[in-house]
Amino acid sequence: MAVELAAFGRFVGDWRVQNALFNESTRQWSESALLWTFDWIIAGRGIQDVLVDEAGTALGTTVRTWDERAGWRVVWFCPRAAEHVVLTAHDLGDRIELAGVQADGRPVKWIFSAILADRFTWDGWCSNDDGETWWHEQHMEAQRLTQ
């Protein structure tokens, strides 16, 4: 595996997730348990994940591919919410930072942190003022189930 591919390759497997999602309209947090599965695609040149709720319904999928000219290109699809987010990612060793734009044009940043072999944290942030300020929209604590 190329060094660059290891950034997301280390997540391949199944993860149990404690998810907290902020509702911007109600200003309330809701919690749920999710399953997050990562696997290799395109002959090892990319990673795809699928996020599934407790009922077994797929919530969305992310496709991450390595482009030697541009680095990581990342796209999240969530058909139920009509969401499509395009991002770039940067591996900073103990964390991965992603930045992009969601379907409504607002900037987002996503951060994988506290990455260990058996756990990691993921946080999503959104800006309503073109990146001047950010509000925390999602927090996930992931625990490895399988590799």
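I am working from a predicted model, in which local features need pLDDT of at least 70, side-chain atom pairs count only at pLDDT 80 or more, and totals for chains, interfaces and linings use all residues. Residues are numbered from 1 along each chain as its sequence is written, and side-chain values use heavy atoms, with hydrogens and water left out.

I then followed the strands (DSSP runs of E, at least two residues, numbered from the N terminus) and found that 10 of them close into a barrel in the order β1-β2-β3-β4-β5-β6-β7-β8-β9-β10, with antiparallel pairing, where a pair requires at least two DSSP bridges. β1 (residues 13–23) and β10 (residues 135–146) pair over eight bridges, in the antiparallel sense.

Next I checked R106, which sits in the loop between β7 (96–101) and β8 (107–113). Its side chain makes polar contacts (N or O atoms within 3.5 Å, one able to donate a hydrogen and the other to accept it; residues adjacent in sequence count only if both atoms are side-chain atoms) with the side chain of D104 at 2.9 Å and with that of N128 at 2.5 Å. Beyond its neighbours within four places in sequence, I list contacts (heavy atoms within 4.5 Å) of R106 with residues including E24, C126 and W135.

Last, I noted that β1, β2 (28–41), β3 (46–53), β4 (58–67), β5 (71–78), β6 (83–91) and β10 each supply at least two residues of the lining of the largest pocket (an open set of points on a 1 Å grid over the protein atoms alone, where a 1.4 Å probe fits, with protein on both sides within 12 Å along at least five of seven lines; lining residues have an atom within 4 Å of a point). Of its 29 lining residues, L21, W76, C78, A81 and Q138 lie nearest the centre.

Note on methods
Helices (H or I, at least four residues) and strands (E, at least two) are DSSP runs, numbered from the N terminus.
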